[in-house]
Amino acid sequence: QVRLVESGGGSVQAGGSLRLSCAGPAPRSTYNRHSMGWFRQVPGTEREAVASIETGSGSTYFADSVKGRFTVSQDSAKKTLYLQMNSLKPEDTAIYYCAAAILPRPAPVSMALGATWYNYWGQGTQVTVSS
């Protein structure tokens with residue numbers, strides 16, 4: 001069983017920043033086998049990819065909608081994933097989920113950012129951006 005726990009959501013005005021954290025799977029050997037991703041969902045719509053990172057190489061992938069504004073990083077010693085969100089827009093408002101999956105390395109972008117490939121999910125954290 002892989003347990004993921006997100007934190008760091010909240011409310012911010014447009015143009016502001018937030019950093020989300022995700023406590024990833026333990027032990028470290030398990031963490032290093034997984035690719036970790038961030039996804040978001042507005043109720044009533046499909047879950048969409050935000051970013052992902054290959055824990056071994058550190059390779060990152062981003063959805064076009066967040067490129068240049070969001071960064072994804074990790075502290076592998078702490079088995080923690082981060083999503084730094086800058087220049088936030090009202091359309092970034094959603095529930096943000098951390099996810100984990102064992103993917104090929106390297107994984108094609110469609111797989112790294114494909115929600116259906118991830119089989120472990122956190123409970124989600126709300127991000128609200130007001131105009």
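Mentor: A polar contact is a pair of N or O atoms within 3.5 Å; within protein, one must be able to donate a hydrogen and the other to accept it, and residues adjacent in sequence count only if both atoms are side-chain atoms. This is a predicted model, in which local features need pLDDT of at least 70 and side-chain atom pairs count only at pLDDT 80 or more, while totals for chains, interfaces and linings use all residues. Residues are numbered from 1 along each chain as its sequence is written, and side-chain values use heavy atoms, with hydrogens and water left out.

The residue in question is Glu-6, located in strand S1 (residues 5–7). Strands (E, at least two residues) are DSSP runs, numbered from the N terminus. Glu-6 is buried, a term that means under 20% relative accessible area, with exposed meaning over 50% and partly exposed in between (1.4 Å probe, protein chains only).

What does the side chain of Glu-6 meet instead? A polar atom of this side chain lies 2.7 Å from the backbone nitrogen of Cys-98, and the backbone nitrogen of Gly-124 lies 2.9 Å from a polar atom of the side chain of Glu-6. Leaving aside neighbours within four places in sequence, residues in contact with Glu-6 include Ser-21, Cys-22, Trp-38, Tyr-96 and Thr-125, where contact means heavy atoms within 4.5 Å.

Strand S1 is joined to strand S3 (residues 18–23) by three bridges in the antiparallel sense, and Val-5 stands opposite Ala-23 in S3. Two strands pair if DSSP finds at least two bridges between them. An open, antiparallel sheet of four strands has the order S1-S3-S8-S7. Its edge strands are S1 and S7 (70–75), each pairing on one side only.

S4 pairs with strand S5 (residues 48–54) through six antiparallel bridges, and seven bridges join S4 to the antiparallel strand S9 (residues 94–101).

One links Arg-40 to Glu-48, with the closest N and O atoms 2.5 Å apart. Arg-40 is buried, with a relative accessible area of 5%, whereas Glu-48 is partly exposed at 36%. Another salt bridge joins Arg-40 to Asp-92 (2.9 Å, N to O). This pair links distant parts of the chain, 52 residues apart: Asp-92 is in the loop between strand S8 (80–85) and S9, and Arg-40 is in S4. Both Asp-92 and Arg-40 are buried. Through shared partners, salt bridges join Arg-40, Glu-48, Arg-69 and Asp-92 into one network.

Technical notes. Lys, Arg positive; Asp, Glu negative; His and termini not counted. Salt bridge = Lys/Arg side-chain N within 4 Å of Asp/Glu carboxyl O.
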